[in-house]
Structures are given as C-alpha cells and as structure tokens.
Amino acid sequence: MFVRSPSSSRLQAALTLAPVAFIVLSVYVGGVLWAAGISFTRSSMLPNYRFAGLTQYINLFSNARWQVSLCNMALFAAIFIPITLLIGYSIAAMINRGVRGENALRTIYLYPFAMSFIVTGLVWRWLLDPSFGIADVARKLGFENASFDWIVNADMAIFTIIIAAIWHSSGLVMVVLLAGLRGVDDDLWKAIRIEGIPAWKAHLYIIMPSIGASIATALVLMSLTVVRLFDVVVAMTGGGPGIATDVPAKFIIDHMFERQQVGLASAAATTLLLLVLAVAVPLLILKNRRK
Amino acid sequence: MSPANTHAPVRRNALAAPLSRMLVYLLLIVTAIVALVPLYVMIVTAFKSMEEIRSGTLLSLPHSFGFEHWWKAWNSACTGLRCEGLKVGFVNSFLITVPSVVLAIAAGAVTGYALSFWRVRFANVLFTAMLIGGFFPYQVLIYPLVRITSTIGLFNSLAGVIFVHVVFALPVVTLLFRNYFASIPIDLFKAARVDGAGYWRFFFSILLPMSVPMIAVAGILQVTFIWNDYIVGLVFGGINYAPMTVQLNNIVHSTYGEREYNVEMAATLLTSIIPLLVYFTSGRWFVRGVASGAVKG
C-alpha cells in the first residue's frame, strides 16, 4: 500500500466533507435564508422580489386560520408533552424495578412508534368513529345513551389528535427515560431506601433531576413532534371540522401549494422556525451541559 | 424477595411489598393492552364483512375471514383517479426507501469519519450547522427544496424524492456515526497510520467492519422513518412516485358513497407491514437506536 503523507489525507477529509458542506450551505443555510427573504416580498403564486416589508407578517397574524393553528399547537404541546412524559416516566420507573417479561412489554409499548403517523391517524379515526367506534362498543354493552363524537365536534376534535399522538409517542419516551434510569447509581437508590424517602418524593426531587439529560432528549423529541404535526391531522380530521384542528405545518403546506400564497406561507414558516429555535437551542445547551 | 436490582422504596410491612408488586404488574399489563387495542382493531376489522362491522362491535372477533377486502386494497382500490390499489405505492415505497437508506448511511458514515479522525478546518462549524439543521421543521425547508429540485430537474421524479430524503436524514445519520467513531480509541487510528494505511484504507478495512452494529441501528431507524414518510413523498413524488402512505391516505379520503371500513383497515395494515416486520424482527437494534437518542421523529 502506497503511503500518503498526513497532509494529503487531511486534504481528502476536506474533500469528503465538501459535498455535505455544499448541501448544508445550499439547503439548510441558503434555503432557509431565501425562504425568510421571500417572506418580506409580495410573492404570491411564484416568488418575486418586490419588497413588502412586514405586510405578509401582518396578514399572517390577522389570519383567523393561522391564529387557530397556533392556538392548536400550543394546546397540543401543553397537553401532549406533560401527559406523554408522565406515562413514559411511570412505565419506565415500573419496568426499572425489575419485572418479568421486560422485553415483551417494551416491544409492545414501543411498536406504535414504528407505525407511520398516517396509519396512526387512520386507526384512531376508526376507533373514535361516532357510529362504529368505541362509543358503539359502550352502547352495545348496555350504555344505550353513550356517545363520543369528539372527532366531529369542532370544540373537541383537537383532543382526539392529542390522544392518537400520546399513543404514538409514549413508548418512545419510555425507552429514552428507561435508558436514563438504568444509568442511575445504585448507591443513590440505597440512600433513598435508608432515608425512607417516600417514592413519589424520591422520583420527583432526586431521580428526575439526576436523569436530566434523558428528560431533555425526550423533551426535544416531543417538541419536534409538536412542530412537525401534520400527517396525523391530515389522516384523522383533514384539519376539520372546518378549521378546528388546523396546525401550522398544515397551514404552511396548504398556502404554499394549494392556495399559492408563497409569501404568506414563507412568513408562517419563518415564524415557526424562530419558535423552534427559541425552544430547541436552550434545550440543546441544557442537554450538553448535563452530559 | 426479588433480585438485587429492585429499586423499590422502603417497605413498611410484609403485606405492602407483594401488594405493590401486584399493582405494578396490573398497571403494566393494562397499559400494554391499551397500547395493543389499535393493532387488534385494525386486524379484526380488516377481516370482517361490512355486514359484520355494522352488526357486531369494534372489538368482536370476525366470524368469517374474508380476504377479498385485502385483495381490493392491494389491487383495485381507488387512489384518486386511478384504481390500481396499493401495489403501485408499495413498489414506489421500495424504490424510494432502499436507495435513500443506502445513500444516507454511506454519506453519514463517510462524513462522520471525516469529522472525527481528521482535523479539518471549519469541521466543527459544519457539524454544528448540521445539528441545528436537524431541528428545522420540514415545512421550512420544503419550499427551498422544491426550488432546488426543480432547478436541477429532479422535481416530481424518483431521484428528487431520494435526494430530499438523504438531505433530511444526513444530520441524524452523521451524528450517529460521529458519536460512534468518537468512542473508538485514537491509538487504533495512530497504529494504522504508522502501518501506512491511507485515508480510505483505514475507513474501509478497519473502521467499516467495526461499524456493523451502528450500520444496523441507523439502517433500521431510517428504513422505518423513510417508509413511514408522508410529506416528502406527497410534495416531491408527484403522481407517478407517490409512496404507500400517500396512496393509503388517498384511498381512505377519496371514497365516494359508502365507506368500506374493512378495505380501509386492510390497506392501513398493508402499509404498516414492512415497518412492523422490521420492528418485530429487529426490535433490539431499534430500541438501541432510540435509547441512544438517535431519533429525528
């Protein structure tokens, strides 16, 4: 084998990185900056470069659909994140005590995550169907007046999407937190036992803070689910009834392609990106510090 | 009592211990059943006739096992204007997933290698940019990518869909490999250098054979994510390269007249078969990947 000098190898490493650097620069940096630029123009069907100041943003925030989308995302986050975290943590803590059939249980809890959000949405749409779904099971069991029409009820439909998403993500959060719990020092558990600290207190004040990195990972993953929320809405309610379950991602895609308001969609996308960075950057810093 | 790794809090009396143990098992089993209900309902509904769906309940077992709805979902259900069933989407999903996963892993492994053993200038800047990019919502990148793929003539083509998948997968796959390579002792690298192994020689002869577990983890996660993708296929695949998820959604939402729930559920199951097979046969790797935080979601 022909021996190369280190500098020629380093040059090769740089050459290897060139295509990736090109993609990062053109898509992740260039593309995003370009989209942000478009949000300050009058672009409608096709992008143009007539400066419009903040017009698109003013239109965006006075748009009822965008307001509903943002509220839905906030509501979704406020319910989905704590409940999924609670379920995931509880199951992880129980499994961590050492139970039989751990592998089988873990396989069952995590399988929803291997299903697509389209499938998740369609299955839950069927389960929550007002005439044939769970309500029908209750009626045929003797509760003749049972009804469960949340999925077609404009005030409640968003909660059906939250239920489906919790089903999809709880197992994932459980696995991430279980990995964290497995890393907790045995001496800590011994100390808790000797001190006789009640279980809930020990978990809340001692164990949870000591697995901060895993909790941060779980929070990042759940936040990504929140901002990317799209497929499950499309499959379950199509954003309806009316615009009741609209979400920012759906607003952006619809305005970009069907309604051909590229400027407005770009303003929405840029707003969403700023929101994501405002949440993700502190979490990332927290996570790396805990490590 | 139970094994040494039992982390139960202090027990006050002899009765409390078995009781709390039973409660734990009860809760675990109930949650497991709740987690399984949707899969169970999907399977039984897919076998029932419409008559049975109307007369029985969601949870009742099918009396007859009908395969004709499965056949219809696969072969002749309408996905918009065409009525050729899911088989078209199945082929498309395969044509999209296999090259996307192979390319994403190849690119991620090579990039991770260049980032971890070689001090290239600006490598850290590049890596940080990629990491942050991995957090961008897809919707923000979709429009720039539409413009880029149409400029280079890849919009609405198979190559275009694959290109976008690779771009989206690159940050997470690179992160996986870079972290994995960071755990390999630097002395191994130095020894190989002393023995005269060049840049690619070290990668292919030493590093790659050591990376089989990481390749498996990244491969399984990416197969699942890309097969399950909806938005990339919807926007970049056009009509000709619509993946299975897009066709499935069309089948369910474009039905006129009476909805055939059994066909819908058969179609839903058919779309899930590949990721479920991958998951149930290699769950161990899947869990490992997820637990190491290798998920983009």
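Mentor: In this predicted model, the centres of domain 1 of chain B and domain 2 of chain B, taken over C-alpha atoms, are separated by 33 Å. Domain 1 of chain B covers 16–66, and domain 2 covers 87–291. Where they meet, 8 residues of domain 1 of chain B are in contact with 7 residues of domain 2 of chain B. On the domain 1 side, the elements that give two or more residues are α1 (16–47) and α2 (50–55) of chain B. The largest share of that side comes from α1(B), with 4 residues. By class, the domain 1 side holds 5 nonpolar, 2 polar and 1 charged residues.

Chain B also touches chain A, in a contact that takes 78 residues from chain B and 88 residues from chain A. Here too α1(B) gives the largest share of the chain B side, 12 residues. The chain B side divides into 53 nonpolar, 23 polar and 2 charged residues.

Next comes a pair of helices in chain B. The axes of helix α5 (residues 123–133) and helix α7 (residues 158–182) of chain B come within 8 Å and cross at roughly 125 degrees, which makes α5(B) oblique to α7(B). The crossing of these two helices, α5(B) and α7(B), is left-handed. From α5(B), the residues M130(B), L131(B) and G133(B) meet L170(B), P171(B), T174(B) and L175(B) of α7(B). This contact of α5(B) with α7(B) has 5 nonpolar residues, 2 polar ones and no charged ones.

Technical notes:
Residues are numbered from 1 along each chain as its sequence is written. Chains are lettered from A and ligands numbered from 1 in the order in which they are written. This is a predicted model: local features need pLDDT of at least 70, side-chain atom pairs count only at pLDDT 80 or more; totals for chains, interfaces and linings use all residues. Domain bounds come from an automatic or database domain assignment. Two residues are in contact if their C-beta atoms, placed from the backbone, lie within 7 Å. Ala, Val, Leu, Ile, Met, Phe, Trp, Tyr, Cys and Pro count as nonpolar, Asp, Glu, Lys and Arg as charged, and the others, Gly among them, as polar. Axes are lines fitted to C-alpha atoms, for helices over the stretch in contact, and angles run from 0 to 180 degrees between N-to-C directions. Angles under 35 degrees count as roughly parallel, over 145 as roughly antiparallel, 65 to 115 as roughly perpendicular and the rest as oblique. A crossing is left-handed if the near helix is turned anticlockwise from the far one by less than a right angle, and right-handed if clockwise.
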